[in-house]
Each structure stands twice: as structure tokens, then as C-alpha cells.
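Morning, everyone. Please have a look at the sequence and the structure, and then I'll walk through the side-chain contacts.

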Amino acid sequence: MTTKDRALTVLSKYGAKFHVTVTRRSGGRLVRTFRGGDMLLLTHTGRKSGKTFTTPALYVRDGEDYVVAASNGGIDAEPQWWLNLQAEPRGAVEIGGRRTPVHATQVDEADRQRLWDALMARCPTYDDYQASVSRRIALVRLSPVGEARGA
């Protein structure tokens, strides 16, 4: 990882904590969007630690599902949340104070371009992120399971 990527990782970590705190304290009324896109909070389990983590992410809807990009803010490493969900695909999303259990999978190739374009329509930075990394940014489908409940 480059020095720039390490610095961006630290900034991203503390920025995410701030975002999660403000979103939760406001009951989901504040920080609902970022760079023109709708935001959700994604809760996942650490693959090594077993601890629960929550990460803000831009999303688009695809039917009942939520779709997010594992862009990691243009850092050339997979985001920890995506590595965690690959190891344990059960998680939860929170939007507007409402928590929904989800199951994560990588978006199929057949749907990838359509959903990438949908994300780009909300936040054009994703093409810049893709151009700045050597990996192919994964799109992640978060499919609701069971009943949604209030936070």
C-alpha cells in the first residue's frame, strides 16, 4: 500500500466513524446523502476479530436490493467491509433509522454495467476511483432477509 493510500485509509476510517455517529444520533435525519448519492450504514462482522463494524456507503436500489461499490474511496486495496462480507455475508443496512438484515453477494456480470451506470448517475466519482486503482471495483448486492425493524 502506498503512503497516499495509507493516509487515505486513516482519513476514511475516522470520517466513517464521524458519519456513523452523526447518522445514528440524528435517527437517520442527517447525512443522508454524500456527493449526490443516497447513503446507508452497513453493519458487518470482522472476519478475524469477530467484532461488529459499521461503514457508511452510497447505494442504489435494484428492486428490493441495495447495491454498493467496494471502491474504498479510490484506495488500491479491497475495503475491509467487503473482505468481511466475503467471509461472513450476513449483515445489516440502516437507512433513516430503520435496520434491515441483509445477505451480501457480488453483483453478477450480467447486471454489473447497468448497476455501475446507476451508481455513476448518482456519484460520478466512481469512474475516477476505478481509473486510480489496479483492481476491478466490486459491486455488492445487499439482499434483505427476514423482517426489517426500527433501530
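Let me start with a cut-off: buried means under 20% relative accessible area, exposed means over 50%, and partly exposed lies in between. Keep in mind that this is a predicted model.

Salt bridges first. The structure holds 10 of them. Take E78 and R135, whose side chains meet at 3.4 Å, N to O. What do they connect? E78 lies in the loop between strand 4 (65-69) and helix 2 (80-87), and R135 in the loop between helix 4 and strand 7, so the bridge ties together parts 57 residues apart in sequence. E78 has a relative accessible area of 25%, so it counts as partly exposed. R135 is at 12%, so it is buried.

Next, D62 and R141. Their closest N and O atoms are 2.8 Å apart. This pair also links distant parts of the chain: D62 is in strand 3 (residues 52-62), R141 is in strand 7 (residues 139-144), and they are 79 residues apart. Buried or exposed? D62 has a relative accessible area of 16%, so it is buried. R141, at 11%, is buried too.

R90 is exposed, at 58%. E88 is partly exposed, at 23%. Elsewhere, shared partners join D62, D65, D111, R114 and R141 into one salt-bridge network.

On to the rings. I have 4 aromatic pairs. One of them is W81 with W82, a tilted pair with 6.4 Å between centres and 55° between planes. Both W81 and W82 are buried. Then there is Y126 with Y129: ring centres 5.9 Å apart, planes at 80°, so the pair is edge-to-face. Both sit in helix 4 (residues 125-132), 3 residues apart, about one turn of the helix. Y126 and Y129 are both buried.

How do helix 3 and helix 4 cross? The axes of helix 3 (residues 109-122) and helix 4 come within 8 Å and cross at roughly 120°. On the helix 3 side, the contact uses R112, W116, L119 and M120; on the helix 4 side, Y126, D127 and Q130. By class, that contact has 4 nonpolar, 1 polar and 2 charged residues.

Last item, a charge and a ring. The charged end of R61 sits over the ring of Y66, 4.1 Å from the ring centre.

That's my tour. Questions, please.

Terms used:
Residues numbered from 1 in each chain as written. Predicted model: local features only at pLDDT ≥ 70, side-chain atom pairs only at ≥ 80, totals over all residues. Heavy atoms only, no water. Phe/Tyr/Trp six-rings, centres within 6.5 Å; stacked < 30°, edge-to-face > 60°. Buried < 20%, exposed > 50% of the residue type's maximum accessible area, 1.4 Å probe, protein only. Helix = DSSP H or I, 4+ residues; strand = E, 2+ residues; numbered from the N terminus. Lys NZ or Arg CZ within 6 Å of the ring centre and 35° of its normal. Axes fitted to C-alpha atoms, helices over the stretch in contact; angles between N-to-C directions. Contact = heavy atoms within 4.5 Å. Nonpolar A, V, L, I, M, F, W, Y, C, P; charged D, E, K, R; others polar. Salt bridge = Lys/Arg side-chain N within 4 Å of Asp/Glu carboxyl O.
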